[in-house]
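Subject: Structure handover

Hello,

Here is the structure I said I would pass on.

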Amino acid sequence: MKKKKGNREKANVVDDGEAVQMVANLITTKEEKKKDKSSKKKRKSQEKNNACVGIDQLGDEYEDHLQKQNGKYKKDRKMKKKDHSSSRESEQLVEMSKAVDEDEVYEIPSGDEDCSKGMKKWLTKYHQSRPGLKVLQQRIDDFIIAHETKLEQERKEKEARLTEGGWILVEHHKGRKKTTDSESGTTVGSVSQAVVEEKLAKKKSKELFDFYRFQKREAQKNELMKLQSKFEQDKKRIQQLRAARKFRPY
Amino acid sequence: MRLESLYWLSIQLNLNNGIVAVKLDEVPGLFIRIIPTATSLFNLSKLNLKQNNVRALNTGDVPQPTPKYNCSILEDMFLEENSKFVKKTFSEWEELGEALILLKVWARLRSSIYVHDCLNGFLISVIVSYLVAQDKINHDMKAMAIFRAALKFIDTHPLWKHGLYFPPAGDNAFSEEGNEQHNSSTRVNLAFRIASVAYPELQDEVALTLRCLEKCRDGGFEEIFATKIDNAAKYDYCIRLNLKGNSEVYSLGFCLDDECWRVYEQDVHCLLNQGLSDRAKFIRVIWRNTHSEFNVENGLSGLGSEPLFIGISVSSVEKAFRIVDIGPNAEKKDEALMFQKFWGEKAELRRFQDGKISESTVWESEQWTRHLILKRIIEYLLGRHLSLLKKDIVQIVDQLDFSLLHVGKDPVSYSGRLLGTFEELSKRLRSIQDIPLRVSSVQPLDSAFRFTSVFPPEPHPMATKRVDGARVHNFTPFCVQSLEVMIQLEGSGNWPMDDVSIEKTKSVFLLKIAESLHNNWGMTCTATEEDVDVFMDGYSFRLRILHERGLSLVNREIGRDQMKWVSSADRKLFIHGQHASMINGLQFCYPIFGPVVRLAKRWLASHLFSACLAEEAVELLVAYLFLKPLPFNVPCSRITGFLRFLRLLAEHDWAFSPLVVDINGDLSQNDEKEIDDYFMQSRKADEENTQNKSKAMFLATACDKASEAWTSCSPNPLELKRLVAYARSSANLLTKLILQNQTDSHGWECLFRTPLNLYDAVILLHGDRLPYPKRLLFTSELDQGRHVAHGNPSNAFHPYLLPADMKGSLEQLKTKLMVNFDPLRCFIGDVEKEFSDGLKLWYDSLGGDAIGLTWEHSKKREREESELDRKYPVDLLRNVGEMGKGFVRDVYLLKAPRLTK
């Protein structure tokens, strides 16, 4: 099963490659197309004919496509069988959808009366989301109050649970106003970020890194390791470049 | 052996040296060129450079010297000898041969120097042999060292002035071969073809290559030996002159020292050089007047039908965009007269601010058409002096401008006013007193503030304090684009701790600010729970607050792994802010940066890649072109920049190397190593986890070394593949358009027309229900596939104010204005929410009317297969169409999904 999946992915990639080719062709041939309008007209009429039998054609094309792919994976016979069964399925599917629609173009109503979908919905949504500053203010206030009470309640519940277990929560209230956030150690409010960073930088510079001999040795070793890893990376890159065959002088 | 064909050629376009080329049947691609030599036909003493050998050429009765003609005969005489010498030098010396190949590859990739009046293969081998004879190259040198030595020689030795003689002067090593009989004046100058005007160009190319050797990754291998430097990508302005049937070219006759085409080249060069003065760094005029089907029997009449190519490298954008050229002082009569004669009616006497009265030329031009000044000058000069008609001058300058115009005008012309308004806004914001914390800084985020928005907003007549009724007209749009502005507040310890409360508190602050702005200045504000927009002088600004606590956490997030603490909204804002200021700084250094980004963005959007590549990523990609231009110079025109952008997309090795955009030039080696490590990590992770590949496009900057900001989710590898393919074909088309003679605009439009048949299904929208219908480049139509559904336009929304709307009071009208309303975005959002695992959408967020759909095969879908089976594909498409009621015009099915079972 796994193997099959892998193959499928490959097929996907191949398909994409083809699309890419088509782009290249299309963009370059566009002008030519314009020039020979007559042939285009022919093609158009052909296409119109095709449109009638469009679905069958699509199925056929699809099968063709698969066969092409099968050619590529001839080795895997099992795969081929599976593919065939799936293509049959797709035909069924296409027939099914044909039965549904009877070749008619489905008419989408403009939906001006219906607010559940489409343009009307977006417009109503837009207008509903802008009730005015006062209302918004009120809403947010309500939300915050609700949110706070919720948090408070949670806290109380937690406390209650703890007391039930025989624990008592001791709170510390005294002392000066907090300037640092207890969890992250960052400054809040009065002390500016820049000052803290400066302090940190100063602290760092005081440490000596080449005091002991083993430190020096380690540093050298690290340097060497770095160089080695860079060398390995470069080697790998050259291999990649070679593999990509980018260098085409002639 | 059978001859396939046999035809006439000439050496380096010089008809004096006619040769025969033979193409053999058996070996495709092999040509044999038969070069006649004349070893003993001419008298050497007559071929001195100062001698006249063309009888018709004389002024009065004094015959003029004909150095070129003499040289070409001398060349024929000593050809055998010279090639023998070259052959001898190269025999049994492997490194030298390799170096020669490198040099030839190098030269061939550079079409501006590998031409008739500059380098050619033979000359390169001669130069190398010369260096060997001079002992500049010895046997210890490796191929690369020889390559470098040869370049250094070309750089320092002005070949056109000194010439290149064999054997080198003062060297008697070859005297036994009979060279001693002619003194230096009659020896062949083998570099006689190198023109004095071509040499600076050659020198510049060599200098660039030497810089590549020093600075680029892998010793500059890719830049030097694997990047094609063709004229289209090299020159900022490309011009083609159609001279077919122009009799003036031949007015001097054919009996000249040089051929008439070469003389004409020189004339054009001189003229432009004088006219453009310091605006241009290099001007290159190349006329490949013979083509392969040239037949001697038809005479010279068929020659010159190919267009003449002019390439101009601009010295600096400021100079090229200069409006006034100051000529000589009026008191210097002779010079002033010359000036007048040269410029004709364009010359005018002007008094300047410093009191000087001088002759001058003035090219009045609006700010957004400044890039056309050069075009106007060239057109004027060529018309005046060479009497060329406008239709015969094809200048590649403004052909892509159509994609950036809105109602016939480039909207970037409003940017000055926008910046002024923003200044005023930030002043007002900072002066607000009646909120608990004061505003400490205001920073613009939107790309319109840094001139990189494709459509910066035009001032809206109703988004002001007092609506000016006179300016409200029939085509006043209903929608206003809102521009993001970031605000920072004073620090405070009273902020809540959890994310939800922080965001709500921010909203409260914004509402307060809005209220205050309304009370103090009478500014109109409109708000939702998330956004607050304020109107000012025709613009709408969307305010956002950056909370400093989030910011300080961002700074350390790498070190302590505190990702969970960073509020994501703050983080995004912070990254946006950093990017905005970075790009804004860059934009001031390179005035052409903005237009190139805009073209790039427009191109991506019109090929429905809006969802794949973030706006900011495009800006970084283009920034890379300006920061690391090697092996080119920095691009100085929008088309060249755009072409290089396409090539970068198409040619960069996305799979194996990161793209490092070093905006301030401050990345150290350690930083680069770090980036490389991140890159390897992410690629390794991809190898292990093939399902979910990320960062297919790895874009690293100084503040985002792991490429997390813009390209972490999109484009994915498949999208990138498509993107690269589109870029490649567009780049090829653009190159062709620049270099070959196509004057119709259709070809240029094709660059922005996307083929719709490459999708599995296509949805077309009602163009007149888009918020800005004028931005649509082409109305999309489809004549293939199966028409699945058709929809009628909704009457609830119109992009423009209707006469009925205008009957009400203006104040009432103002409330109807819609800020940032975009039905396309709503539609895409709805569809993606519903069908995200079965469909992929490709769309144009800049105002396209087509959406491409491709089927996606995801795991999730496989499981739900049975349920979805029934829906596919027609019903599904109808459902999608239903979701866009009133907006969707047509739905087409091109390819049924492949089933995976």
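The notes below go through domains, salt bridges, aromatic rings and one surface patch.

This is a predicted model, in which local features need pLDDT of at least 70 and side-chain atom pairs count only at pLDDT 80 or more, while totals for chains, interfaces and linings use all residues. Residues are numbered from 1 along each chain as its sequence is written, chains are lettered from A and ligands numbered from 1 in the order in which they are written, and side-chain values use heavy atoms, with hydrogens and water left out.

Domains

Chain B is assigned domain 1 (1-36), domain 2 (42-229), domain 3 (238-323 + 363-398), domain 4 (408-553 + 567-585) and domain 5 (754-893); the bounds come from an automatic or database domain assignment. Taken over C-alpha atoms, the centres of domain 3 and domain 4 of chain B are 50 Å apart.

Salt bridges

A salt bridge here is a side-chain nitrogen of Lys or Arg within 4 Å of a carboxyl oxygen of Asp or Glu. Over all chains there are 43 salt bridges.

One of them joins B:Asp686 and B:Arg683, at 3.7 Å from N to O. Both residues lie in helix H20 (residues 669-688) of chain B, 3 residues apart, about one turn of the helix. Helices (H or I, at least four residues) and strands (E, at least two) are DSSP runs, numbered from the N terminus. B:Asp686 and B:Arg683 are both buried, where buried means under 20% relative accessible area, exposed over 50%, and partly exposed in between (1.4 Å probe, protein chains only).

B:Glu781 and B:Arg889 form another salt bridge, at 3.2 Å from N to O. B:Glu781 is in the loop between strand E21 (761-765) and strand E22 (786-791) of chain B, and B:Arg889 is in strand E26 of chain B, so the pair ties together parts that are 108 residues apart in sequence. B:Glu781 counts as exposed, at 54% relative accessibility, whereas B:Arg889, at 13%, counts as buried.

A network of salt bridges links A:Arg130, B:Glu484, B:Asp531, B:Asp533, B:Arg542 and B:Arg544.

Aromatic rings

Rings of Phe, Tyr and Trp (its six-membered ring) pair if their centres lie within 6.5 Å; planes under 30 degrees apart count as stacked, over 60 as edge-to-face and the rest as tilted. The structure has 29 aromatic pairs over all chains. A:Trp122 and B:Phe887 have ring centres 5.9 Å apart and planes at 90 degrees, so this pair is edge-to-face. The pair crosses between chains, from helix H5 (residues 118-128) of chain A to the loop between helix H27 (874-883) and strand E26 (888-893) of chain B. Both A:Trp122 and B:Phe887 are buried.

A:Tyr212 and A:Phe214 are stacked, at 5.8 Å centre to centre with 20 degrees between the planes. A:Tyr212 is partly exposed at 47% relative accessible area, and A:Phe214 is partly exposed at 44%.

B:Phe339, B:Phe342, B:Trp343, B:Trp363 and B:Tyr380 form one aromatic cluster.

Surface patch

B:Val27, B:Leu30, B:Ile32 and B:Ile34 make a nonpolar surface patch of about 300 Å². Patches are made of residues with over 30% relative accessible area and no salt bridge, with like charges joined within 9 Å and nonpolar side chains (Val, Leu, Ile, Met, Phe, Trp, Tyr) within 5 Å. B:Leu30 lies in the loop between strand E2 (14-24) and strand E3 (31-34) of chain B.

Regards

Conventions. Accessible areas come from the Shrake-Rupley method with a 1.4 Å probe; for residues, only the protein chains shown count as cover.
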